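Here is a short report on one protein chain. Please keep the viewer open while reading.

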Amino acid sequence: MGTTSKGLKLADILTTIVIAVVFGVIYKVWGPLYEVVKVFGFHADQLIYGMWFIASSLAYLLIHKPGVALLAEIAASSGELVMGSQWGLEVLIYGVVQGLFAELVFAAFRYRRFDVFVVSLSAVGATVGSLIMDFYKGYIEALAPWNMALFLLARFVGAVLISGVFAVSLAKALEKNGVTQMWRPVSKEDYDALNR
């Protein structure tokens, strides 16, 4: 399945920004929820960490063009920053790195696949980006090996479930309800691509 044109049009950029603004608000609300889940221990908070990657996944699934995953993640993290993120400017840096790693996965498939497998791989890519930042910032390097394994497993599983499987389900619902008709007519081929 290919796109009609490779370049981003103004409608693509504006749609990506709207998606990003919505998820910027969700990201802002997600911060306190993330802190609440921490009290359960066993890295339960990492199971919901994948929400911070979903803007890139959903934008890619809806727009089908190169660059939207990175743009969406940068715009969403910028929105979270402007609304007063508890992590400050750091949230924007994470957004750039996570968006870049997600975008690299889509590029590896030449922007031609829009299925659960590829979107889940992009979630894994974004997770790798977030972990690079975590190690750089010194957040997790002191964890014991068993604790690190639990931490990594929880973050990867959460990312695949939220930014992979859930993002595809959300895209299917939006396509089925005709929301995407405003900027991109949906063909049967588009819908079938989500079911692979």
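A residue counts as buried when its relative accessible area is under 20%, as exposed when it is over 50%, and as partly exposed in between. Glycine 129 has 0% relative accessibility, so it is buried. The model is a predicted one.

## Overall fold

The protein chain has seven helices and zero strands. In sequence order the pattern reads α-α-α-α-α-α-α. The C-alpha trace spans about 50 × 35 × 25 Å along its principal axes. For 196 residues, a compact globule would have a radius of gyration near 16 Å; the protein chain has 16 Å, so the two agree.

Of the 196 residues, 46% are buried. Take the contacts in the protein chain between residues at least 6 apart in sequence: 72% of them join residues at least 24 apart.

The accessible surface comes to about 9,200 Å². Carbon and sulfur atoms account for 73% of that surface. The chain carries 15 positive and 14 negative charges.

## Aromatic residues

How many aromatic pairs does the structure hold? The count is eleven. One of them joins tyrosine 34 and tryptophan 52: the ring centres are 5.2 Å apart and the planes stand at 75°, so this pair is edge-to-face, the class for planes over 60 degrees apart. The pair links distant parts of the chain. Tyrosine 34 belongs to helix α1 (residues 10-37), while tryptophan 52 sits in the loop between α1 and α2 (54-63). The two are 18 residues apart.

Tyrosine 34 has 8% relative accessibility and counts as buried. Tryptophan 52 has a relative accessible area of 7% and is buried too.

Tyr34 and Trp52 also belong to one aromatic cluster, together with Tyr49, Phe53 and Trp87. Trp87 comes from another part of the chain, the loop between α3 (68-82) and α4. Is tryptophan 87 buried, exposed or partly exposed? Its relative accessible area is 28%, so tryptophan 87 is partly exposed.

Leaving out residues up to four places away in sequence, tryptophan 87 touches Gly31, Tyr34, Glu35, Trp52 and Glu80. Tryptophan 87 and glycine 31 are 56 residues apart in sequence, yet their C-alpha atoms are 8.9 Å apart.

## Contacts across the sequence

Glycine 129 lies in helix α5 (residues 116-137). Which residues does glycine 129 touch, not counting those up to four places away in sequence? They are Val97 and Phe101. Glycine 95 is 34 residues from glycine 129 in sequence, and the C-alpha to C-alpha distance is 9.2 Å.

Glutamate 90 is in helix α4 (residues 90-108). A relative accessible area of 17% makes glutamate 90 buried. With neighbours within four places set aside, glutamate 90 is in contact with Lys137 and Tyr139. Glutamate 90 and lysine 137 are 47 residues apart along the chain, with 9.6 Å between their C-alpha atoms.

The C-alpha separations can be set side by side.

| Residue pair | Apart in sequence | C-alpha to C-alpha |
|---|---|---|
| Tryptophan 87 and glycine 31 | 56 residues | 8.9 Å |
| Glycine 129 and glycine 95 | 34 residues | 9.2 Å |
| Glutamate 90 and lysine 137 | 47 residues | 9.6 Å |

Phenylalanine 42 lies in the loop between α1 and α2. Its phi is near 50°, a positive value in a residue other than glycine. Histidine 43 is placed in the loop between α1 and α2 as well. Histidine 43 is not a glycine either, but its phi is positive, at about 60°.

Where do the two side by side stand on accessibility? Phenylalanine 42 has a relative accessible area of 70% and is exposed. Histidine 43, at 16% relative accessibility, counts as buried. Tryptophan 52, from the aromatic pair above, is in the loop between α1 and α2 too.

Terms used:
Residues numbered from 1 in each chain as written. Predicted model: local features only at pLDDT ≥ 70, side-chain atom pairs only at ≥ 80, totals over all residues. Heavy atoms only, no water. Helix = DSSP H or I, 4+ residues; strand = E, 2+ residues; numbered from the N terminus. Rg over C-alpha atoms; globule rule 2.2 N^0.38 Å. Buried < 20%, exposed > 50% of the residue type's maximum accessible area, 1.4 Å probe, protein only. Contact = heavy atoms within 4.5 Å. Areas by Shrake-Rupley, 256 points an atom, 1.4 Å probe, with all protein chains shown as cover. Lys, Arg positive; Asp, Glu negative; His and termini not counted. Charge placed at Lys NZ, Arg CZ, Asp CG, Glu CD. Phe/Tyr/Trp six-rings, centres within 6.5 Å; stacked < 30°, edge-to-face > 60°.
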